Structure formats: structure tokens, C-alpha cells
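Please keep the structure at hand while reading.

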Amino acid sequence: MSTALPQEITKTSNRGLGISGFEQHTGFHWNWTPARFYEAAIAKNEGKVASGGALVVKTGLHTGRSAKDKFIVRDAETENTVWWDENASMTPDQFALLRDDFSNHMDGMELYAQDTLGGADTDHRVSVQIVTEFAWHGLFVHHLLRQPNHEELANYHAEFTIINLPSFNANPSRHGTNSETVIAVNMLEKLILIGGTSYAGETKKSVFSILNYLLPAKRVMPMHCSVNVDDNDNAAVFFGLSGTGKTTLSANPDRTLIGDDEHGWSENGLFNFEGGCYAKMIKLSQKAEPEIYATTKMWGTVLENVVMDETTRDLDLDDNSLAENSRGAYDLTAIPNASLTGKCGQPNNVIMLTADAFGVLPPISRLTPAQAMYHFLSGYTAKVAGTEKGITEPTATFSACFGAPFMPRHPAVYGELLRDLIAEHNVGCWLVNTGWTGGPYGTGYRMPIKATRTMLNAALDGSLNQAQFRIDDNFGFEVPMAIPGIDDQLLAPRSTWQSGEAYDKQAQKLVTMFLDNFAKFENRVDQDVRSAAPKRA
């Protein structure tokens, strides 16, 4: 069967990219609508249509980000601004070779180009031109990035360009990469090159990295977080690594969703960087997450590595044979109570989510500004046995700012900015454990999502501040002693274990992990933050 596209779709534009090294390339499909991307993806056998209309695609070898394959060009622009302890570097000469090889690889290719915007705040957004090799990547970009209106498009000028070519393979000896996969960021040339991976998330995270680099210099806080708001403009920020419930808990039918993953905090309030959502699909529950589940039955949703019956086209969201990190990408308008403006006022509460697989942390705790900075810089969660090869017991994961791979500057830059904004706007701070209680993973049980929502609602409506609190013996933060609708025992994790001594031993083990991880920040934070550290017995 021929995969040639209909004549209408194959029309291209003579418009070029207008950046050095790519002037000769003019045959792009510019600013297509979702319907055209969808049609092209099917015609080119890039994906299949599931029951309900979602586009199901496979990303092959790479089912998640390739963090070890990301490089920032080290030059006059970045030498003294990037945290080189955690960011891999590439020389300008290596990037120049990579840029030339990308340009040569593009010869004769059918490519899709879009003019997009990162950020709903017009004072602080960045314009990013994105080129993709796959039509379904184009649909993904259309969902996840903000789209200029007709007037903005007429006056559009790209500040950055991202080129994503999955079929391009880097050469480690020539380009200085670790493998054939590459994400190369050049802040001076304002160009990002992505090759050797079909995982679409690399493109959206590249825009995030741009904003994480640019905004702190403007005293605007870039955040790996979700945001929602109630009818009285009481906004909440949800920080959290993958698997902690950031997307799930922000999709609250009683609150308006501003966005599920990337936001800024400026003098104007909170604003979404994106125009869509990128939610985990594995074991998605229709009962617990009805709004997100409904998107799997919608035309236009992109489902990455979700297993589908080839005959009935029914989805099996519990099957992780293709990937544990199966994902769904959809426009924000797919969520009934989502904000179309992508903006709200200053936050009332900051929520830091962690999935503690050691079963130690309370389900909710109140933090001081110094404790908030400490836990923000720590960025703790835990991987459970079986999620990665070689992991046989819970493993602590610390990702500074709840998103270290996307933070080019030193984490202390973001931490200090967060602490200042929390103090300036008198924001309440909470640490919420969505992980295990009654013992570690394998012995205890996962925190009931209904209980987590009840506790969060009490924090967000202000009633939890009226509760009586105790000081946690290990971590020093305040833990409520009673919350209406919650079993008191759940609030005291030691009492949920069969052996109090076993809990104490596990708690001190986690305390040591926190202290060892934070050692690298000791000389970059004030004494009040150092004093917010957990205590050894």
C-alpha cells in the first residue's frame, strides 16, 4: 500500500528557517493544523488509530528522556552561568560539525515547521521555531506548545530554533557525544539540535531548558510543576518528579487547571509555559483520574507506547510491555476545567510531592520557607523495585528543584528565588507523600489517593492551618495531628508499621540519604536552610 500523501498535504512553503547553516532549506510544511498532522501521520504509517480516535505511536528504543545524551555548548555565553558540575559540555567546534551534519541530513527530507510560544505571560514568553521530521511529533508540538494568534503570527520573530531529526545518528568521535543520540543546546546561537531518539518529550523539555536559563536573570521563577486555582483565585503550585502525582492531583474537577508540568512565577503571577498536557498513561484509572482517562478516547490525543489490540483497537493501559513510561499528549482544552489563558494570580500554597517508597514520611507536613528551600533543593522521591534493571529495593532519587536535568543554572539560584517569592507573597508550603505507609514498598501500601485529595483540599482551603501540629522527630517539620475524614494513625507513619524499631531504623537511613545528598549545597545556602536539614538520632 502506498504511503504517498494526498496532493493537498504535500504542498510545501518556500519559507526558510533564517538561521545560519540552514538557509538553503525551504521545503517545509509550515504551521499545520492538528487535522493535517494527524492525516499525514496515518498516511506515512507513523501511528495507528485507537478506538475513540487517539493516535497510537511507538517511540522504539527511547521511551523516555536521554539525560546522558544532553550537552550544552560551553562558550562565552555559558562559561560562568551554567552549573557544569551537573551539565555536560560540548565545544563550539563540535557543535559546528553537528550543525553542518544536521543540515546535510535534512537535504531532500519532508519536514514540518511551527512557530510556537513558550509562556502565557506576554512579558516573559519566548518564541521558539520548531522543526520535526515526524508528522506525529508536529502534532505533539502543536498540543504542548502555545500557538500564536493570527496577529502574533503575522509579526512573529523566532528567538530560538529547535530541530528534531530522529533518523539522524550522532558520531561520538566527531561530535563529542556519548552515543548516537544527542540533544545539543547552544545558547549563544539560540539553536537546539535533537537526533537519534523518537521520544517526543525531548522537544518540550528543550523549550523548558531555554526558559530555565533565561528567566532567573529577570527574577522570574521557572518551575517543573503543575498549577491549579479555585474560583476565588487561590492558586496552588505542585512540584514533583515523575510518578509522584503532579498531573493527577492538579486535575481536580473543583479547581481550574492552569497547566500540568511547566510554569513561571513572575511579578504578574503564575503562568503556564505550555498549551497542553503530557500525562503518564500506565495503569491510568478511570475512577481516580476521569478527566485524564477521557483523553484516551478523544480524537487527536497522541498516545506514546500504549498497548493496543490490533483487531478491536481497544487500549490496555495496564500493559507495560512497551514502556513503563507510556504517555498521552493532548491540548489543554481536552480537560473540561482547564484555563485557556494559562495565567492566574500569585500562589497561596506551594505543594511539594514525593513518592516515598521507604514508608517513612508523613502524608502531609507544613514547611517553613527555609525548609521549603531545603526540600526544593533536595527534590526527593524514590524508585521502587522492578522499575529499572538492577533495582531490587526502594532507591532514593534526588533531583534538585524537582527537575535537575532541565536546570542549566546552579540549583541555589532557583532555590533562593523560590524562598524570596514565598516570603514576599506569604505562601503556605506543604510536603505531601503520595508514596507508601505501613512499611516500605513490598510490605506497606500506597497512600490512598482519596486520602491525599482530602488532605490537600484542607491545605488549599486554609482549614488545615487551624489544626494542631506536632514536630516530626526526624525531619523537624510540622505534621497535623488530626484532619477530618482521615484516620489519625495515617498521620503518624510510625504507628502504621508493625515494628516501631524497624520504622526508626528506616527513618534514620532516609535521613542519612538526605544529608549526604545535600552536602553539595552546603556552601551555597544560608544557615537557616542548613538548619532545616533532618537530624540524625
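Axes here are lines fitted to C-alpha atoms, for helices over the stretch in contact, and angles run from 0 to 180 degrees between N-to-C directions. The model is predicted.

**Helix packing**

Helix 10 and helix 14 (residues 500-518) pack at about 80 degrees, with axes 10 Å apart. Angles from 65 to 115 degrees count as roughly perpendicular, so helix 10 is roughly perpendicular to helix 14. Helix 10 brings Tyr 374, His 375, Leu 377 and Ser 378 to the contact. Helix 14 answers with Phe 514, Leu 515, Asn 517 and Phe 518. By class, this contact has five nonpolar and three polar residues, and no charged ones.

Helix 10 (residues 369-378) also packs on helix 11 (residues 411-424). Their axes come within 9 Å and cross at roughly 150 degrees. Angles over 145 degrees count as roughly antiparallel, so helix 10 is roughly antiparallel to helix 11. The crossing is right-handed. From helix 10, the contact takes Pro 369, Ala 372, Met 373, Phe 376 and Leu 377. From helix 11, the contact residues include Pro 411, Tyr 414, Glu 416, Arg 419 and Ile 422. The contact of helix 10 with helix 11 divides into ten nonpolar, one polar and two charged residues. Leu 377 is listed in the contact with helix 11 and in the contact with helix 14.

Helix 2 (residues 34-43) and helix 4 (residues 135-144) form another pair, at about 155 degrees with axes 8 Å apart. That angle makes helix 2 roughly antiparallel to helix 4. Helix 2 passes helix 4 in a left-handed crossing. On the helix 2 side, the contact has Pro 34, Phe 37, Tyr 38, Ala 40 and Ala 41. On the helix 4 side are Ala 135, Trp 136, Gly 138, Leu 139 and His 142. Eight of these residues are nonpolar, two are polar and none is charged.

| Helix pair | Angle | Axis distance |
|---|---|---|
| Helix 2 and helix 4 | about 155 degrees | 8 Å |
| Helix 10 and helix 11 | roughly 150 degrees | within 9 Å |
| Helix 10 and helix 14 | about 80 degrees | 10 Å |

**Cavities and a pocket**

How many cavities of 30 Å³ or more does the structure hold? There are three. The largest cavity has about 90 Å³ of space. Its lining includes Arg 65, Lys 70, Ile 183 and Phe 406. Helix 7 (residues 201-214) gives the largest share of that lining, four residues. Glu 202, Lys 205, Ser 206 and Ser 209 are among the lining residues. By class, the lining of the largest cavity has four nonpolar, three polar and four charged residues.

The second largest pocket holds about 260 Å³ of space. It is lined by 17 residues. Closest to its centre are Leu 145, Arg 146, Gln 147, Gly 275 and Leu 340. The lining of the second largest pocket divides into five nonpolar, eight polar and four charged residues.

How values were computed:
Residues are numbered from 1 along each chain as its sequence is written. This is a predicted model: local features need pLDDT of at least 70, side-chain atom pairs count only at pLDDT 80 or more; totals for chains, interfaces and linings use all residues. Side-chain values use heavy atoms; hydrogens and water are left out. Helices (H or I, at least four residues) and strands (E, at least two) are DSSP runs, numbered from the N terminus. Angles under 35 degrees count as roughly parallel, over 145 as roughly antiparallel, 65 to 115 as roughly perpendicular and the rest as oblique. A crossing is left-handed if the near helix is turned anticlockwise from the far one by less than a right angle, and right-handed if clockwise. Contact means heavy atoms within 4.5 Å. Ala, Val, Leu, Ile, Met, Phe, Trp, Tyr, Cys and Pro count as nonpolar, Asp, Glu, Lys and Arg as charged, and the others, Gly among them, as polar. On a 1 Å grid over the protein atoms alone, a cavity is a set of points where a 1.4 Å probe fits but cannot get out, and a pocket is an open set with protein on both sides within 12 Å along at least five of seven lines; lining residues have an atom within 4 Å of a point. Grid points are joined across faces, edges and corners, and a volume is the space filled by probe spheres set on the points.
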